[in-house]
Amino acid sequence: MKRLSDDLTVSPQVPLEAIPAIAEAGFKTIMCNRPDQEDPGQPSFDEISAKATQCGLETVFLPVVSGNVQDSDADAFATALANAAKPVFAYCRTGTRCTILWSLASADKMTTPEIVTAAANAGYDMAGLAPRIDARR
């Protein structure tokens, strides 16, 4: 788990057995940013959602193809994050896609250096994304 902000923590793929611990840690929403069947053996969003609901969590399914994050995806992420019960636990294959989405979605709330630094502190290098973040202002 890597905390990007007070409202958002990102992670690689969540195993079903980790969902109770996510709820116990105080998260209110799980957001999935990877398409179903991206990798063999990956739990489907329906499986994640069912377990999360049992644990009292809300869920959001916002699948984005790896390596193909569009501005419209970042806009949808911003809307989903704004409307979700917080804090939000978002996951994808490695956490990078979630971080890219958050970085682009945060362009109107934070400076580019603040975004890049927050991502770096969580272990994600978003320096190469800086021109896209700037362009979204």
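Predicted model: local features only at pLDDT ≥ 70, side-chain atom pairs only at ≥ 80, totals over all residues.
**Notebook: helices, cores, a pocket and salt bridges**

I began with Ala-118, which lies in helix α5 (helices, H or I, of at least four residues and strands, E, of at least two are DSSP runs, numbered from the N terminus). Residues are numbered from 1 along each chain as its sequence is written, and side-chain values use heavy atoms, with hydrogens and water left out.

**Entry 1**

I looked up the exposure of Ala-118 and found it buried, at a relative accessible area of 15% (buried means under 20% relative accessible area, exposed over 50%, partly exposed in between, with a 1.4 Å probe and protein chains only). Which residues does Ala-118 touch, not counting those up to four places away in sequence? I found Leu-4 and Trp-102 (contact means heavy atoms within 4.5 Å). Ala-118 and Leu-4 are 114 residues apart in sequence, yet their C-alpha atoms are 5.9 Å apart in space.

Next I turned to Ser-103 in helix α4. Ser-103 is buried too, with 0% relative accessibility. Beyond its neighbours within four places in sequence, Ser-103 is in contact with Ile-115, Met-126, Leu-129 and Ile-133.

**Entry 2: The nonpolar cores**

I then went to the largest nonpolar core, which has 30 residues (a core is a set of buried Ala, Val, Leu, Ile, Met, Phe, Trp, Tyr and Cys residues joined through side-chain atoms within 4.5 Å). Leu-8, Val-10, Met-31, Phe-77 and Trp-102 touch the most other members. I noted that β2 (8-11), α3 (71-83), β5 (88-91), α4 and α5 (112-121) each give two or more residues to this core. Helix α4 gives the most, with five residues.

For Leu-8, I set aside neighbours within four places in sequence and found contacts that include Phe-77, Leu-81, Val-88 and Trp-102. A second, separate core has 12 residues, among them Ile-30, Ile-48, Ala-52 and Leu-57.

**Entry 3: The largest pocket**

How much space lies in the largest pocket? I wrote down about 200 Å³. (On a 1 Å grid over the protein atoms alone, a pocket is an open set of points where a 1.4 Å probe fits, with protein on both sides within 12 Å along at least five of seven lines; lining residues have an atom within 4 Å of a point.) The volume is the space filled by probe spheres set on the points, which are joined across faces, edges and corners.

The lining includes Leu-4, Leu-81, Trp-102 and Lys-109. Helix α3 gives the most to this lining, with three residues.

**Entry 4: Salt bridges**

I finished with the salt bridges, of which the structure holds 10 (a side-chain nitrogen of Lys or Arg within 4 Å of a carboxyl oxygen of Asp or Glu). Arg-34 meets Glu-38 in one of them, at 2.6 Å from N to O, and Arg-34 also meets Asp-39, at 2.6 Å. Arg-34 is buried, with a relative accessible area of 2%, while Asp-39 is partly exposed at 29%.

Arg-97 forms a salt bridge with Glu-38, with the closest N and O atoms 2.9 Å apart. Arg-97 lies in α4 (residues 96-105) and Glu-38 in the loop between β3 (29-32) and α2 (45-54), so this pair ties together parts that are 59 residues apart in sequence. Shared partners join Arg-34, Glu-38, Asp-39, Arg-93 and Arg-97 into one network of salt bridges.
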